[in-house]
Amino acid sequence: MEIEKNYRINSLFEFYQPLLTKKQNDYLDLYYGDDYSLGEIAENFNVSRQAVYDNIKRTEAILEDYEDKLHLFATFQAQSKQADEIQQYVSKHYPDDAKLNELVNRLESLEEE
């Protein structure tokens with residue numbers, strides 16, 4: 001459960017990071033990206049552990065709110081799944097079709113951007 005939550009928050013952070021304040025960015029990056037403890041973050045910013053905890057919880061809620069409104073992560077997941085299905089179908093049924101394989105490769109490269 002915790003791993004799934006961390007994955008989700010990190011994914012949402014990737015999509016909505018530019019919309020967060022510098023402090024929100026710093027705290028989430030350290031907590032989820034660099035695996036800092038609340039105490040380590042509090043020490044670095046000269047604030048209480050409770051202040052860090054409250055900020056992280058608020059920021060998580062903000063990220064979820066952005067996703068509820070904008071659906072960027074859900075859309076990305078759906079598009080990735082569809083692209084994977086297309087790739088599997090093409091490689092199974094049309095392995096020698098150069099143009100089709102080129103189009104699938106371009107679709108894959110769009111996912112990575």
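Which residues does Leu28 touch, not counting residues up to four places away in sequence? In this predicted model, Leu28 touches Ile9, Phe13, Gly33, Ile56, Thr59 and Leu63.

**The nonpolar core**

- In soluble globular proteins, nonpolar side chains tend to be buried together.
- The largest nonpolar core has 16 residues.
- Leu28, Ile41, Val52, Ile56 and Leu63 are the members that touch the most other members of this core.
- Two or more residues of the core come from each of helix H1 (2–16), H2, H3 and H4.

**Packing of H3 with H4**

- Two packed helices are described by the angle between their axes and the distance between the axes.
- For helix H3 (residues 38–45) and helix H4 (residues 49–70), the angle is about 105° and the axes lie 8 Å apart.
- Angles of 65 to 115 degrees count as roughly perpendicular, and H3 and H4 are therefore roughly perpendicular to each other.
- On the H3 side, the contact is made by Leu38, Gly39, Ile41 and Ala42, and on the H4 side by Arg49, Val52, Tyr53 and Ile56.
- By class, the residues of this contact of H3 with H4 are six nonpolar, one polar and one charged.

**Packing of H2 with H3**

- H2 and H3 pack at an angle of about 140°, and their axes are 10 Å apart.
- The crossing in which H2 passes H3 is right-handed.
- H2 contributes Asp26, Tyr27, Leu30 and Tyr31 to the contact, while H3 contributes Leu38, Ile41, Asn44 and Phe45.
- The contact of H2 with H3 comprises six nonpolar residues, one polar residue and one charged residue.
- Leu38 and Ile41 of H3 take part in the contact with H2 and also in the contact with H4.

- Most residues other than glycine have a negative phi.
- Asp35 is not a glycine, yet its phi is positive, at about 60°.
- Asp35 lies in the loop between helix H2 (22–33) and H3.
- With a relative accessible area of 66%, Asp35 is exposed.
- His71 is likewise a residue other than glycine with a positive phi, near 60°.
- The loop between H4 and helix H5 (72–93) holds His71.
- His71 is partly exposed, and its relative accessible area is 41%.

How values were computed: Residues numbered from 1 in each chain as written. Predicted model: local features only at pLDDT ≥ 70, side-chain atom pairs only at ≥ 80, totals over all residues. Heavy atoms only, no water. Axes fitted to C-alpha atoms, helices over the stretch in contact; angles between N-to-C directions. Helix = DSSP H or I, 4+ residues; strand = E, 2+ residues; numbered from the N terminus. Parallel < 35°, antiparallel > 145°, perpendicular 65-115°, else oblique. Contact = heavy atoms within 4.5 Å. Nonpolar A, V, L, I, M, F, W, Y, C, P; charged D, E, K, R; others polar. Buried < 20%, exposed > 50% of the residue type's maximum accessible area, 1.4 Å probe, protein only. Core = buried A, V, L, I, M, F, W, Y, C linked by side-chain atoms within 4.5 Å. Left-handed = near helix turned anticlockwise from the far one by under 90°.
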